[in-house]
Amino acid sequence: MNANDIRAMIQPAQVHRDVYISDAVYQLEMRHLFTNAWIFVGHDSQTPNKGDYITTQVGDQPVIMVRHTDGEVKVLYNRCPHKGTKIAIDRAGNTGKFFRCPYHAWSFKTDGCLLAIPLKKGYEGTGLSESQNGKGMQAVGAVHNYRGFVFARLAEDGIGFDEFFGGSLSSIDNMVDRAPEGRVEISGPPLRYMHKCNWKMLVENQTDTCHPMVAHESSAGTAVKIYEQMGNPEPRPPAMQIIAPFMSPYEFFEDMGIRTWPNGHGHTGVNMSIHSKYDAIPGYFEAMVEAYGEKRAKAILDENRHNTVYFPNIMIKAPLTQLRNFIPLGADRTLVESYVYRLVGAPEQLTAMSAMYNRMINAPTSIVGHDDLEMYERAQEGLHAEGMQWVDIRRLHTGPEDFETEAVENGTTERQMRNQFHAWAKFMTMSMEGAAGVAAE
Amino acid sequence: MSEGNAAMITRDDVIDFIYAETRMLDEGRYTEWLDLWMPDAVYWMPLDYKQADPVNATSFLYEDNFMLRLRVERLNGERTFSQKPKSRCNHVIQRPFVDVFDPEAGKFQTVTNMHYVETRLDEQQLLALTVTHDLALVDGAFRIAGKKVELLNCDAAFGNIQLLP
């Protein structure tokens with residue numbers, strides 16, 4: 001499969017089903033897209049102290065994110081340069097001043113540099129110190145910590161962080177600015193939800209505004225019905241504030257608006273969103289005014305973006321301080337990790353609201369998540385039908401589109417899905433050019 | 001179950017209640033099951049092993065009466081797509097430990113280890129649970145004042161868990 005084959009899968013208004021079901025495409029995504037793009041690793045509050053680390057994946061690559069002795073966050077491949085043993089397998093821990101492989105006790109500084117090898121004289125004259133393996137644990141190509149959110153680019157060379165994300169960073173800004181102290185911290189472990197479907201289905205669903213009132217009628221619609229039977233008592237409990245807006249009519253979602261940025265990023269909820277009408281938490285606005293002044297505090301809190309997709313595989317909800325990481329484990333297997341963050345300096349009820357949203361919507365036990373997963377898994381199976389090989393993404397597509405400039409459109413357009421596939425083809429093929437015409441398998 | 005006189009209540013009555021509640025879930029008798037709950041009781045399934053704070057960190061479930069009713073009514077909805085076809089479940093339970101037995105105060109607490117099996121179509125999953133029940137006496141009958149369901153592998157990744165473990 002070469003660059004031309006990849007490009008042929010993406011047409012302006014439809015994509016070939018192989019982008020979802022082909023193992024060969026998945027392998028190419030790992031070696032190209034997830035190598036060339038900037039991928040979310042973790043939040044730096046997960047590793048607050050020197051030697052603190054987490055283990056995770058960048059695409060299919062095992063990595064360790066660690067706080068080095070100089071205070072910087074490093075991202076290293078989780079592989080001993082000796083025999084390949086993973087250096088750490090617990091999800092979080094503290095390694096002190098160095099890592100030590102449990103197999104033969106090779107040890108490494110927390111930036112990966114080789115520290116010591118037992119019985120080292122056995123390597124004299126062998127050329128180990130000049131070899132790649134003799135340098136220590138390998139670091140990823142580049143790391144960037146943006147207001148606490150740590151991203152990595154596996155490739156040594158490639159697009160810069162600011163150029164890749166551009167204006168989309170305004171959503172992370174809004175999320176962090178919502179903290180009176182201007183920083184967020186992780187609150188508890190993430191929900192981990194296994195999906196037997198392709199990772200891109202989940203990413204597309206983040207800006208799919210024509211599904212909530214259909215797929216979630218069974219949960220949100222039933223909630224609205226029960227609450228009516230109770231006489232619609234005021235004030236509405238937080239659970240109703242969270243779930244009722246899912247049943248908003250199509251016109252509401254049209255009016256929400258969608259914004260797209262270059263390189264596949266975009267968000268729903270330009271003008272307002274399903275998160276706009278939550279009751280105020282006592283003391284929060286006062287704390288924000290204290291920190292920012294009234295005008296700036298109002299501007300921060302009036303921005304109620306719904307889902308922001310950071311291409312290729314995370315989304316954030318700025319008003320609820322949440323992040324979901326769609327980790328691709330195979331063409332038909334995706335692990336979703338859903339995180340909640342605490343706004344430092346804000347009342348704890350905001351964290352409680354975010355945690356409630358997370359368990360109500362994103363948990364394996366969620367009555368909302370159940371129907372989403374059902375749709376993805378049905379699609380993963382249905383796409384094997386030979387009779388029809390293209391997936392339609394043409395809603396509100398009426399002519400050529402320029403994805404290299406920011407745009408705001410009707411909230412039910414599938415432009416953001418098209419934007420993602422435009423970026424997909426770009427980052428898939430940029431490192432294939434020289435190999436055009438050569439089979440990748 | 002003993003009626004009226006709290007002094008007549010035995011530990012076996014408490015244990016029988018736990019078995020009966022579990023049987024209701026396995027047989028899908030949810031309306032009857034909802035009637036067992038005190039109005040302010042909560043069904044909690046922690047996400048973190050030995051989690052202390054159910055509110056400010058994410059849980060799997062932290063459901064009040066409204067949420068439990070919503071969950072139960074949804075199961076029977078016309079457009080509940082993830083329940084077409086429906087899931088089935090089965091609990092195998094160990095004899096409950098009665099850790100608090102105070103008929104005079106109307107307070108009881110049990111801890112019960114269970115194996116929970118849930119199935120739908122070709123899929124079947126097995127979960128190991130430790131379930132803590134807080135019970136109260138209302139008009140001589142047991143009611144659930146709180147239920148905590150801890151998953152042995154709470155830190156694992158799961159697909160859908162659709163019924164109530």
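How many salt bridges are there between chain A and chain B? The count is four, a salt bridge being a side-chain nitrogen of Lys or Arg within 4 Å of a carboxyl oxygen of Asp or Glu. One of these pairs A:Asp371 with B:Arg74, whose closest N and O atoms are 3.0 Å apart. This is a predicted model, in which local features need pLDDT of at least 70 and side-chain atom pairs count only at pLDDT 80 or more, while totals for chains, interfaces and linings use all residues. Residues are numbered from 1 along each chain as its sequence is written, chains are lettered from A in the order in which they are written, and side-chain values use heavy atoms, with hydrogens and water left out.

Turning to the interface as a whole, 45 residues of chain A are in contact with 34 residues of chain B (heavy atoms within 4.5 Å). Together the two chains bury about 3,300 Å², 57% of it on carbon and sulfur atoms; buried area is the accessible area (1.4 Å probe) lost on being put together, summed over both parts. On the side of chain A, the residues that lose the most area to chain B are A:Arg359, A:Thr365 and A:Ile367, together 20% of what that side buries.

Chain A also holds an open sheet of three strands in the order β7-β8-β9, with antiparallel pairing (strands are DSSP E runs of at least two residues, numbered from the N terminus, and two pair if DSSP finds at least two bridges between them). Three bridges join β7(A) to β8(A), and A:Phe99 has A:Phe108 as its bridge partner.

Methods
Helices (H or I, at least four residues) and strands (E, at least two) are DSSP runs, numbered from the N terminus.
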